[in-house]
Amino acid sequence: MDRIPISLPVVVEGKYDQIKLSSVIDATILTTQGFGVFNNREKRALLRALSKNGIIILTDSDGAGKMIRSHIQSFIPPNKIYHLYIPQIAGKEKRKKAPSKAGTLGVEGMDPALLRQIFEKFISRHGILNRNAAPITKADFFADGLTGREGSAAMRNTLCARLCLPKDMTPTALLAAVNMLLDRTEYQAQIASIREG
């Protein structure tokens, strides 16, 4: 079954949630690294920047998930956040020796069909589906001097500063962010402006 294309970034807690969700949706999926987001200024800056057009939060339905969700709301405006929730289902993920403190499954333990249903309902309610029609690619980054050249790192940092993104992002991370924040025309305008000066 095809993955559901989602144009907004989706925030989950950990890498196993990210892996599970990536089998269901075609989107930029970011992790908070559990409670890591509480002390990671660069992660907060990245989430804040990527929330320009909205951001989807899908944390576990336990106490920790609520705390992480609440923390994200402390630095991203409420009108930029779409909250999605998984049901509280008793159980334990296969990779874990013991169930969570709450005794319920997290995002990684959800049935893919159930996750699919959650996102289909979200789409029908908000109509947020299509990704960038002509995404910026690694080839664009190379052609525009953002990779593979002397001075590419400095140019990427200039673009990061203009987009309020953390500096020294990897080219892959920056590419994902640019595709969330800019359409092709806006991207080309930024590149032209950086070259001018």
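In S6, which residue is the bridge partner of Ile57? Please describe the surrounding sheet as well.

Reply: The model is a predicted one, and in it the bridge partner of Ile57 in S6 is His83.

Stepping back, we find an open sheet of four strands in the order S4-S2-S5-S6, with parallel pairing. Strand S4 (29-31) and strand S6 (81-83) each have a single partner strand and stand at the edges, so one side of each is left without a neighbour in the sheet. From one strand to the next, the twist averages 30°.

Helices pack against this sheet too. Helix H1, residues 15-22, touches strand S2 (10-12) and S4, and its direction makes about 165° with that of S4. Helix H3, made of residues 63-73, lies across S2, S5 and S6, and runs at about 160° to S6.

Thr32 counts as buried because its relative accessible area is 0%, where the cut-off for buried is under 20%. Leaving aside neighbours within four places in sequence, the residues in contact with Thr32 include Val11 and Val12, together with Ile68 and Ile72. The C-alpha atoms of Thr32 and Gly14 are separated by 6.5 Å, although these residues are 18 residues apart along the chain.

Technical notes. Residues are numbered from 1 along each chain as its sequence is written. This is a predicted model: local features need pLDDT of at least 70, side-chain atom pairs count only at pLDDT 80 or more; totals for chains, interfaces and linings use all residues. Side-chain values use heavy atoms; hydrogens and water are left out. Two strands pair if DSSP finds at least two bridges between them. Helices (H or I, at least four residues) and strands (E, at least two) are DSSP runs, numbered from the N terminus. Axes are lines fitted to C-alpha atoms, for helices over the stretch in contact, and angles run from 0 to 180 degrees between N-to-C directions. Contact means heavy atoms within 4.5 Å. Buried means under 20% relative accessible area, exposed over 50%, partly exposed in between (1.4 Å probe, protein chains only).
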